[in-house]
Amino acid sequence: MQFSVITLFPELVESVVAEGVVGRAEKRGLMELKCVNPRDFTEDVHRTVDDRPYGGGPGMLMRPDCLLKTIRSERERLGKAKVIYLSPQGKPLEQSMLQALSEEGSAILLCGRYEGIDERVIDLEVDEEWSIGDYVLSGGELAAMVVVDGVTRLLPEALGHKGSAIEDSFTDGLLDCPHYTRPERIEDLDVPKVLLSGNHQHIEKWRKKQALGRTQLRRPDLLQNTELNESDKVLLIEFMKEIKT
Ligand SMILES: NC(=O)c1ccc(NCc2ccccc2)nc1
């Protein structure tokens, strides 16, 4: 997977590959991250990347000329690569979008600063606009790092245990079940007995039931998009009865 991130703050973005799963994936060549600074595509002596908005209003915008040059330079280098602009006006990010991008092979992530970018850059070169949530940040870099992290962990071989990414919550459209590790008892709280039983069928059933119940209680909206099969419906009814007792 080849990422090209267009940003005025390359060091900020590069920190995403400093540690952990993403850092190891980059070291192992599963993923490649290149940060490109539009300031390197300016032609004036002051290397100007921003300017005032037509029509007045607060703040500055990123200039279109150096952005277009930067995007086109990376498009040439990467061949077919989707250009994704991170902005509060974008499509809300979901796991399915990360999964799809992880299968693309490459992506160009465009990070805005100031009040955003000239709209003509979006018209001419942006394929998709994504938002990581309904809030405004000082730049698109953190959003781009979310995408790099979320995609990289989905790459085959990226996670130690094969199953973990596939078994992720949100992969099946549900929230995750509760998790426990040693010690068995802490501050008078015990691990649910079923998890100590060694009965993998019971354990799987319990985990599914917890995931269904938690989703119903915390994010009933997610259940709107998920068609439950008969056995899941039974599990959910059992869960809801148990919490009433
Ligand atoms: N919610 C997000 O994904 C997000 C993305 C970028 C961002 N800040 C940069 C920016 C500000 C205004 C217009 C375009 C980009 N804030 C939040």
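**Close-up views of a predicted model**

**View 1. Aspartate 232 lies in helix 10 (residues 230-244).** Helices (H or I, at least four residues) and strands (E, at least two) are DSSP runs, numbered from the N terminus. This is a predicted model, in which local features need pLDDT of at least 70, side-chain atom pairs count only at pLDDT 80 or more, and totals for chains, interfaces and linings use all residues. Residues are numbered from 1 along each chain as its sequence is written, and side-chain values use heavy atoms, with hydrogens and water left out. Aspartate 232 has a relative accessible area of 9% and is therefore buried (buried means under 20%, exposed over 50%, partly exposed in between; 1.4 Å probe, protein chains only). Residues up to four places away in sequence aside, aspartate 232 touches Lys208 and Leu212 (contact means heavy atoms within 4.5 Å).

**View 2. Leucine 175 lies in the loop between helix 7 (162-166) and strand 8 (185-186).** With a relative accessible area of 13%, leucine 175 is buried. Its contacts, leaving aside neighbours within four places in sequence, are Ser169, Phe170, Ala211, Arg214, Thr215, Arg218, Arg219 and Leu222. Leucine 175 and lysine 208 are 33 residues apart in sequence, and their C-alpha atoms are 9.8 Å apart in space.

View 3. Cys66, Leu67, Leu68, Thr70, Ile71, Glu74 and Leu78 are the buried residues of helix 3. They pack against strand 1 (2-6), strand 2 (32-36), strand 4 (61-62), strand 5 (82-92), strand 6 (106-111) and helix 5 (119-125). Glycine 79 follows helix 3 and has a positive phi, near 70 degrees.

**View 4. Cysteine 66 is buried, at 1% relative accessibility.** A disulfide is a pair of cysteine sulfur atoms within 2.5 Å, and by this rule the count comes to 0 disulfides. Cysteine 66 is in no disulfide; the nearest cysteine sulfur, that of cysteine 111, is 14 Å away. Cysteine 177 is also buried, with a relative accessible area of 7%.

**View 5. Tyrosine 135 lies in the loop between strand 7 (128-131) and helix 6 (141-152).** Tyrosine 135 is partly exposed, with a relative accessible area of 42%. Together with Phe9, Leu12, Leu137 and Leu142, Tyr135 makes a nonpolar surface patch of about 420 Å².

Note on methods:
Patches are made of residues with over 30% relative accessible area and no salt bridge: like charges are joined within 9 Å, nonpolar side chains (Val, Leu, Ile, Met, Phe, Trp, Tyr) within 5 Å. Accessible areas come from the Shrake-Rupley method with a 1.4 Å probe; for residues, only the protein chains shown count as cover. A salt bridge is a side-chain nitrogen of Lys or Arg within 4 Å of a carboxyl oxygen of Asp or Glu.
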